[in-house]
Amino acid sequence: MAELTWRWGPPPPRSPAAWRVRTSAVLVVAVGLAVLVVPPLAHLDEQAVDLAAKLQPPSREHPFGTDDVGRDLLLRCVYGLRVSLLVGVVAAVVATVIGTAVGALAGTVGGWTDRVVMRLVDVFSSVPHLLLGIFIVAMFRPGVWPVVVSVALTHWLSTARIVRAEVLSLRSRPYIDAAVSGGSSRWRIAVRHLLPGVLPQAALAAVLMVPHAIWHESALSFLGLGLPAHQASLGTLVQSARGSLLAGSWWPTLFPGLFIIVPTLAIAGLAGAWREHLNPRRRSELML
């Protein structure tokens with residue numbers, strides 16, 4: 001009969017990777033709750049101007065303080081985060097669809113099509129994302145959807161490369177050779193065998209793209225090319241708080257900056273853990 005052994009003492013410490021995943025998950029949940037719960041529970045209008053309460057430090061009534069025209073910074077940050085998440089998620093999905101289609105086409109067809117498509121990808125990659133995004137946004141009036149289009153059209157290139165490499169790897173598998181020998185068409189092989197194989201990598205690329213898209217939107221708004229000045233945006237909040245910072249008011253700059261940094265690092269941390277799960281031989285890198 002096997003003997004039971006009792007181990008006394010504290011449990012073994014968790015690995016740093018486990019703590020990173022738990023912390024990232026908690027932060028992502030907190031961000032989701034803040035975006036969903038804070039606006040309905042708040043009894044203030046995030047656009048309401050109160051010059052008598054301008055630049056008040058954090059207090060019980062205004063946990064994040066007020067800005068230079070007396071608006072509540074907590075509500076402004078939450079609404080700005082909602083816009084950033086909308087832009088990040090929608091742009092990441094659109095860019096992933098474009099990149100998956102282009103990468104799958106290049107890897108499946110091969111030959112001169114592959115060479116032409118990948119040379120076009122190299123040409124677009126040679127232009128800095130932010131510079132190309134500024135050019136695209138400048139052609140439209142300020143708003144959410146021009147920013148979404150700008151981010152999506154400048155962030156599909158890495159996904160196309162990843163999907164193409166994965167397709168080329170899958171094409172050398174024995175079951176693909178068996179499908180070709182069985183008379184399956186190129187289209188049937190791509191739809192039934194290649195695309196399902198690249199979907200995990202494409203989904204991971206989409207999640208990793210969300211933090212990058214949030215930073216991109218914040219940068220455009222900081223430059224005055226994203227959302228209109230009256231609409232809450234994290235980049236706009238940081239830009240408008242520069243004068244307050246010089247006057248000694250630190251909270252209008254600190255809290256919007258934290259709302260940019262913390263969610264992006266949390267999402268990137270979860271995506272890095274997912275990447276390690278898909279490919280444990282390679283250490284994950286945060287693609288920010």
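A: A nonpolar core is a set of buried Ala, Val, Leu, Ile, Met, Phe, Trp, Tyr and Cys residues joined through side-chain atoms within 4.5 Å. Please note that this is a predicted model.

Q: Which residues touch the most other members of the largest nonpolar core?

A: They are Leu81, Leu85, Val87 and Phe259, in a core of 40 residues.

Q: And which helix gives the most to this core?

A: Helix H2 does, with 11 residues. At least two residues each come from H1, H2, helix H3 (111-125), H5, helix H6 (157-171), helix H8 (186-222), helix H9 (234-240) and H11.

Q: What does Val87 touch, not counting residues up to four places away in sequence?

A: Val87 touches Ala92, Val144, Val147, Val148, Val151 and Glu217.

Q: How many residues are in the other core?

A: That core, which lies apart from the largest one, has 11 residues, among them Val167, Leu170, Ala190 and Val198. As background, nonpolar side chains in soluble globular proteins tend to be buried together.

Q: Stepping back, how many helices and strands does the protein have?

A: There are 11 helices and zero strands. Read from the N terminus, the elements run α-α-α-α-α-α-α-α-α-α-α.

Q: What share of the residues counts as buried?

A: Of the 288 residues, 40% are buried. As for contacts with a separation of 6 or more, 70% are between residues 24 or more positions apart.

Q: Let us take H5. Is it mostly covered or mostly exposed?

A: H5 is mostly covered, with eight of its 11 residues buried. Those residues are Val144, Pro146, Val147, Val148, Ser150, Val151, Ala152 and Thr154.

Q: What do they pack against?

A: The buried residues of H5 pack against H2, H4 and H8.

Q: How do H4 and H5 cross, right-handed or left-handed?

A: The crossing of H4 with H5 is right-handed. The axes of helix H4 (residues 129-137) and helix H5 (residues 144-154) come within 9 Å and cross at roughly 140°.

Q: Which residues meet there?

A: From H4 they are His129, Leu132, Gly133, Ile136 and Val137, and from H5 they are Pro146, Val147, Val149, Ser150, Leu153 and Thr154. Sorted by class, this contact has seven nonpolar, four polar and no charged residues.

Q: What about H3 and H6, left-handed or right-handed?

A: H3 and H6 make a left-handed crossing. Their axes come within 10 Å, at an angle of roughly 150°.

Q: Which residues make that contact?

A: Asp114, Met118, Val121, Asp122, Phe124 and Ser125 in H3 meet Leu157, Arg161 and Arg164 in H6. The contact of H3 with H6 has four nonpolar, one polar and four charged residues.

Q: Changing topic: how many aromatic pairs are in the whole structure?

A: A search finds five. One of them is Phe64 with Phe255, a stacked pair at 4.2 Å centre to centre with 5° between the planes.

Q: Where do Phe64 and Phe255 lie?

A: Phe64 is in the loop between H1 and H2, whereas Phe255 is in helix H11 (residues 251-278), so the pair ties together parts that are 191 residues apart in sequence.

Q: Are the two buried or exposed?

A: Phe64 counts as buried because its relative accessible area is 16%, under the 20% cut-off. Phe255 is buried as well, at 13% relative accessibility.

Q: What other ring does Phe64 pair with?

A: Phe64 also forms an edge-to-face pair with Phe259, at 5.8 Å centre to centre and 80° between the planes. Phe259 lies in helix H11, so this pair ties together parts that are 195 residues apart in sequence. Both Phe64 and Phe259 are buried.

Q: Which residues do the ring pairs link into a cluster?

A: The cluster consists of Phe64, Trp250, Trp251, Phe255 and Phe259. Phe259 is also one of the residues named above for touching the most other members of the largest nonpolar core.

Q: One last item: what is the phi of Leu55?

A: Leu55 has a positive phi of about 55°, although it is not a glycine. Leu55 is placed in the loop between helix H1 (16-41) and helix H2 (73-109).

Q: Is Leu55 buried or partly exposed?

A: Leu55 is partly exposed, because its relative accessible area is 25%, and partly exposed covers the range between under 20% for buried and over 50% for exposed.

Methods:
Residues numbered from 1 in each chain as written. Heavy atoms only, no water. Helix = DSSP H or I, 4+ residues; strand = E, 2+ residues; numbered from the N terminus. Buried < 20%, exposed > 50% of the residue type's maximum accessible area, 1.4 Å probe, protein only. Axes fitted to C-alpha atoms, helices over the stretch in contact; angles between N-to-C directions. Left-handed = near helix turned anticlockwise from the far one by under 90°. Contact = heavy atoms within 4.5 Å. Nonpolar A, V, L, I, M, F, W, Y, C, P; charged D, E, K, R; others polar. Phe/Tyr/Trp six-rings, centres within 6.5 Å; stacked < 30°, edge-to-face > 60°.
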